[in-house]
Amino acid sequence: MTRFLTDFSDFIQTQPFKIIRLSAVRGDGPIETWNMTEANPCQDTYSVSKTFTMTAIGLLWDRGQISLDEKIIDILADEISPETRARMDPRWNLVTVEMALTHRPGLPGGFLDIDVYDAPSEFGDDFLAYTLTYPLAYTPGTDAKYSDGAFYLLSRVAAKKAGTTLDRFLWPELFSPLGFREMAWSTCPHGHPVGGTGLYIGSEDMVKLGMVYLSGGCYRGRRILSPDWVKLAMEREFALDWDDEHRVCFKGGMYGQKLLIAPEQNRAVALQSYGADSDAVMRWVRDYRD
């Protein structure tokens, strides 16, 4: 076990919580994993899923297949029934891809959260129609309200641009090149990944996405994303946030999931847990000195 994991283990022993597992890597070095609690290899990453959905948009952006200024209802025009369109708020005409990436499409906070609400009874069989006909909470672009609904829209946008569902698109473009072992993603009744949550992977694979953003878009010498997209995503905080000292970039998920990118240390860390204080872990990683 490296000194980092040994010191992290000592830190966790002082905390009032346990973790499931943590994977860490420095640069292009070997990935090391510490398993604290016996659990299935794949766990729900909850909102860390959003970073993978955002990355799909980045892959399409790099190819010139999508613009951040494109209107979502234009992209999905042939997916919207006349009945749905008749019930839509006209302000949906304002909503761009970038607004969805930054939680500004007008949806209320917590919208379309399958981890909180009973999806079949709450949302019906057509998540897209439900989303587009739900009363907007504010004029798109004028405020930001965190929701899974914004990233479900991005899942549908990615599918339309790629010609296949989000998960099928990401297998050859991301999961296979990064050597993922296995993956499953919760879907809507129409078979589209929900985008904002529900991605089941192991920490050893989760941390690989951190390596891509840490390196400016490469994974072990293979380019996955352009440096331009990595810079754009991290600067504009597309499904990535910065700590208050702007030293660690991260994405958190329910029950203590965390993907951490620590540029000062050239290190990426992935935490899976059930009830851990992931902010305490983030601060420990941020302040760690080898």
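Modeller: Let's start with a pair of strands: β9 (residues 249-253) and β10 (residues 257-262) run antiparallel and are joined by five bridges. Strands here are DSSP runs of E with at least two residues, helices are runs of H or I with at least four, and both are numbered from the N terminus. Lys 251 has its bridge partner in β10, namely Leu 259. Before going on, a word on ground rules: this is a predicted model, so local features need pLDDT of at least 70 and side-chain atom pairs count only at pLDDT 80 or more, while totals for chains, interfaces and linings use all residues. Residues are numbered from 1 along each chain as its sequence is written, and side-chain values use heavy atoms, with hydrogens and water left out.

Zooming out from that pair, β9 and β10 belong to an open sheet of six strands, ordered β2-β1-β11-β10-β9-β8, with antiparallel pairing. Two strands count as paired if DSSP finds at least two bridges between them. At the edges sit β2 (32-35) and β8 (241-242), each pairing on one side only. Across the protein chain there are 12 helices and 11 strands.

One of those helices is α2 (residues 49-62). Of the 14 residues in α2, 12 are buried, meaning under 20% relative accessible area with a 1.4 Å probe, protein chains only (exposed is over 50%, partly exposed in between). Among the buried ones are Lys 50, Phe 52, Met 54 and Ile 57. Just past the helix, Gly 64 takes a positive phi of about 80 degrees.

Phe 52, Met 54 and Ile 57 turn up again among the residues with the most contacts inside the largest nonpolar core, which has 76 residues. Such a core is a set of buried Ala, Val, Leu, Ile, Met, Phe, Trp, Tyr and Cys residues joined through side-chain atoms within 4.5 Å. Apart from it lies another core of 22 residues, including Phe 11, Leu 22, Leu 260 and Trp 284.

As for the whole chain, buried residues make up 58% of its 290 residues.
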